[in-house]
Amino acid sequence: MYAHIRGVVSQIMQDRVVIDACGIGYELFCSAETRKHLAVGKEHKLLTHFHIALSQDVMSLYGFETEEERAMFRRLIGVTRVGPKLALSVLSVLTVSDIAGAILTENAAAFDKVPGMGRKTAARVLLELKEKIGKDEMVSVGLPEAAATGIDIRTEAIAALVSLGYDGVTAGRAVAAVGECSKVEDMITQALRELARKG
């Protein structure tokens with residue numbers, strides 16, 4: 001129904017913004033990532049998604065800074081028992097790259113810090129979106145090309161780092177930063193070096 005809205009940002013709230021376009025104030029629910037790009041009084045363009053919750057008879061408008069974020073939002077709300085509110089929570093905690101990487105490497109721990117999302121829901125996201133996230137897409141959303149190879153080794157390396165006490169997102173990002181390795185042990189070692197370097 002709406003592809004995008006361009007106007008002056010009149011309000012920024014905890015989970016939404018109001019954009020004044022042609023004298024109409026449009027309320028758009030946005031992720032924390034999208035809200036970081038906005039400033040009150042400045043003109044901005046947001047991509048949109050119009051959502052109707054038939055069970056509650058509610059219509060809502062969602063705004064996104066990038067096409068990648070909107071596409072991931074639409075994939076997430078297509079997952080059983082994942083509504084728009086939870087999808088926005090995911091996008092407020094994880095980047096699109098984090099989500100794509102978590103799905104490809106079956107890293108359910110990456111969703112641990114998302115409010116309202118338990119391991120069962122995370123597992124459902126991984127299961128239902130596994131076939132919808134291609135390795136080429138992982139590259140296109142900003143991860144290095146090497147991260148799209150050796151998925152099985154990367155999955156094992158992330159699981160090992162999580163068992164060592166690292167959270168899922170940190171483990172996933174560290175492993176994504178490592179080039180190709182033929183052995184999982186080598187990947188874990190390089191990922192630990194990456195973590196030490198950043199720490």
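A disulfide is a pair of cysteine sulfur atoms within 2.5 Å. Keep that in mind as you open this predicted model, because a search of the whole structure with that cut-off turns up zero disulfides.

**Stop 1: the cysteines.** Select C22. This residue is in no disulfide, and the nearest cysteine sulfur, that of C30, sits 18 Å away. Is C22 buried or exposed? Its relative accessibility is 84%, so C22 counts as exposed. Now jump to C181: with a relative accessible area of 14%, this one is buried.

**Stop 2: the largest nonpolar core.** Next, select M72, L76, V90, L91, I99, F111 and V125. Out of the 33 residues in the largest nonpolar core, these touch the most other members. Colour the elements that each supply at least two residues of this core: β5 (58-64), α2 (67-77), α3 (84-93), α4 (96-104) and α5 (119-129). Which of them gives the most? That's α4, with six residues.

Zoom in on V90. Leaving out residues up to four places away in sequence, V90 touches L76, I99, F111, V114 and M117.

**Stop 3: two packed helices.** Finally, show α8 (residues 168-176) and α9 (residues 184-198). They pack at an angle of about 110°, with their axes 8 Å apart. That angle makes α8 roughly perpendicular to α9. To see the contact, select T170, A174 and V175 on α8, then M187, A191, E194 and L195 on α9. By class, you're looking at five nonpolar residues, one polar and one charged.

Technical notes. Residues are numbered from 1 along each chain as its sequence is written. This is a predicted model: local features need pLDDT of at least 70, side-chain atom pairs count only at pLDDT 80 or more; totals for chains, interfaces and linings use all residues. Side-chain values use heavy atoms; hydrogens and water are left out. Axes are lines fitted to C-alpha atoms, for helices over the stretch in contact, and angles run from 0 to 180 degrees between N-to-C directions. Helices (H or I, at least four residues) and strands (E, at least two) are DSSP runs, numbered from the N terminus. Angles under 35 degrees count as roughly parallel, over 145 as roughly antiparallel, 65 to 115 as roughly perpendicular and the rest as oblique. Contact means heavy atoms within 4.5 Å. Ala, Val, Leu, Ile, Met, Phe, Trp, Tyr, Cys and Pro count as nonpolar, Asp, Glu, Lys and Arg as charged, and the others, Gly among them, as polar. A nonpolar core is a set of buried Ala, Val, Leu, Ile, Met, Phe, Trp, Tyr and Cys residues joined through side-chain atoms within 4.5 Å. Buried means under 20% relative accessible area, exposed over 50%, partly exposed in between (1.4 Å probe, protein chains only).
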